[in-house]
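Please look over the sequence and the structure shown below before reading on.

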Amino acid sequence: MIKIKKTNFFFLIIYSLANTFLTLGILYIVNKTVANKELVNNGLAIPFFSFIIFSYLLNIFFQKKIIRISYDFVYDSEINITNSLKDITLIRLNSLGTERIHGILEDIRVFIFLPGVITNTLNSLLLILLCIGYLFSLSIMGAVVIVLLISIISYLYFSMSKKLSAQLLDLRNSNDDFNKFTQDILQGFKELKISAARQYNLSHNFIIPNRNDAKETDIYISNSFSAINVLSQYGLYFIFGVILFVLPFIGIVSIDKVVSFIVILLFMSGPINRIITMQNLYMRIGVSQKRIRKFLKEVDISATSDKQPAVSSPLSFNILEFSHCVFDYDSFTLGPINLTIKKGEVIFIVGGNGSGKSTFINLLTGLYTPSTGKVYLNGGDISNNIEGYQNLLSTIFTDNYIFSQNYDNYQIKKNAKYIEYLKMMEMDSIIKNDDDSSVRRKFSKGQSKRISMILALLEEKPLLILDEWAADQDPHFRKYFYENLIPFLRQQGKTIIAVTHDDKYFKHADRILKFEYGKIIQDIAVEKEEDSAIVNI
Ligand SMILES: Nc1ncnc2c1ncn2[C@@H]1O[C@H](COP(=O)(O)OP(=O)(O)OP(=O)(O)O)[C@@H](O)[C@H]1O
């Protein structure tokens, strides 16, 4: 999922190779000129300036491409990850927590440096290798000593910096916790605002310790990096000393080759320093990659899903059957549910708190998959076409949510049905125009539920599922809902399944399902008599 395209990778390698050879050409000319002490008229001036100009133009061209590759990579990954989020099951999302997801999106941002890191690393490694080759061509023993010294310094450097990776992972994890606290501040803003004690505890027991720990880890990481950078820097100076004072002294490198050795090493110090300073980025990218991998494994997303809704002929709804359906949380089991729902029925679901009503709604809407048993639509297993099945439902959950934009296939503007439903839901005195934004502002809870109902009806789906929809309505509108709205919707041919505690209105249902401890303990057909109905629960 977080992968650099093969063509782009190939492109980065080509650029690195070309750039390396041009840079090496420049080094070769400088070295040749200095070593031969023929600063003028040695015929190398034109190739030298041509190399510089060509290398400059190459860099301008490729850098633009690299920036494009970096941003494509990060922005495409953001699209892929957010698309994949839709594939997480509800139960998994609840266990993950949204702060993890914010943390992962931050992790993706680190990858903006990846293409630059790849080209710089390849470029630097190649330059170092070619310089070493050059050293070998001048003096094998001298080159062996230099390679040995560089290897010792690199070993020290990498073994020290490797230890920092665990610290960096800790830092990212404690930033996830910090995201959790900021989420608590924003989502529990009112609850915090009215309690000084809560504010104090959140700040002193959680945020301050978390930020202090993170700060110390961050400082430790930066200090360690700067210490190992300095060590590498001075290690290089040490090698210069060895070239200047030791190698000629013990006769490994002749005096006339010392200048070449120094020029080559000076040249190598650029790429070596670049690799050293990039160590920080290697680790950040590595840690982010680890976190993203772990996240994707946990959410069990194997493929992106930017798919169009199925275009196969729309399903119709005649009959829905639950056959021995069971769904388990750790400490609660729903089912086994055996139930048949027929087209046009108005079913009320009742039961005490925690009896399993909302869990059943999640099963009914396909958000939960039964651990055993099957759900059949018109005789066919819904798991074979869950999207087609869900396309038959309009659902308003207890904690209804109105999206910031219209993601549905209907328009609000100039939609006669919208105006009709606005009146029907007694919202026409509150919303005065048909702008889409007019339904997406802050409303009172009861009003927001009415807006959700308008939007649900505009979907024109045969099944309407409501979880305690009327609970937030005032007595007048609650009465209107049961006595007028439900009969109207029934007349329209809708099948309605509503979770409710309003026993006063049970008579307006065709059937009442009573839940207790996760089981349907009563399935009662409401007997209708002339104008009234008898319901005994
Ligand atoms: N995500 C979850 N993880 C674990 N247990 C859960 C989860 N959601 C609900 N439960 C548990 O499952 C049981 C049934 O919960 P459910 O929300 O279905 O009840 P309900 O009948 O809708 O209750 P209420 O009338 O209070 O809304 C409860 O014991 C609840 O604590």
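What follows goes from the whole chain to its sheets, the ligand shell and the annotated spans.

This is a predicted model, in which local features need pLDDT of at least 70, side-chain atom pairs count only at pLDDT 80 or more, and totals for chains, interfaces and linings use all residues. Residues are numbered from 1 along each chain as its sequence is written.

The chain holds 15 helices and 12 strands, where helices (H or I, at least four residues) and strands (E, at least two) are DSSP runs, numbered from the N terminus. Of its 537 residues, 25% are buried, a residue being buried if 20 or more other C-beta atoms, placed from the backbone, lie within 10 Å of its own, exposed if 12 or fewer do, and partly exposed in between. Among the contacts with a separation of 6 or more, 76% are made by residues 24 or more positions apart, a contact meaning that the two C-beta atoms, placed from the backbone, lie within 7 Å.

In the hairpin of E4 and E5, which has 2 residues between the strands, Asn378 takes a positive phi near 45°.

Another open sheet has 6 strands in the order E6-E7-E8-E3-E9-E10, and its pairing is mixed. Here strand E6 (393–396) and strand E10 (519–525) are at the edges, each with a single partner strand, so one side of each is left without a neighbour in the sheet. Neighbouring strands of this sheet are turned by 15° against each other on average, direction ignored. Ile396 has Leu466 in E7 as its bridge partner. Helix H14 (residues 445–458) lies across E6 and E7 and runs at about 175° to E6, with axes fitted to C-alpha atoms, for helices over the stretch in contact, and angles running from 0 to 180 degrees between N-to-C directions.

| Strand pair | Bridges | Direction |
|---|---|---|
| E1 (residues 319–328) and E4 | 5 bridges | antiparallel |
| E4 (residues 372–377) and E5 | 2 bridges | antiparallel |
| E6 and E7 (residues 463–467) | 4 bridges | parallel |

Around the ligand stand residues including Asn94, Tyr329, Phe332 and Lys357, counted where the C-beta atom, placed from the backbone, lies within 6 Å of the ligand. Helix H11 (residues 357–364) gives the largest share of this shell, 3 residues.

An unreviewed UniProt entry lists "transmembrane region" for several spans, among them residues 136–158 and 234–252; such annotations may be inferred rather than shown by experiment. In the model, residues 136–158 are 96% helix and 0% strand, with end C-alpha atoms 25 Å apart. Residues 234–252 are 68% helix and 0% strand, and their end C-alpha atoms lie 23 Å apart.

Definitions and conventions: Pairing = 2+ DSSP bridges.
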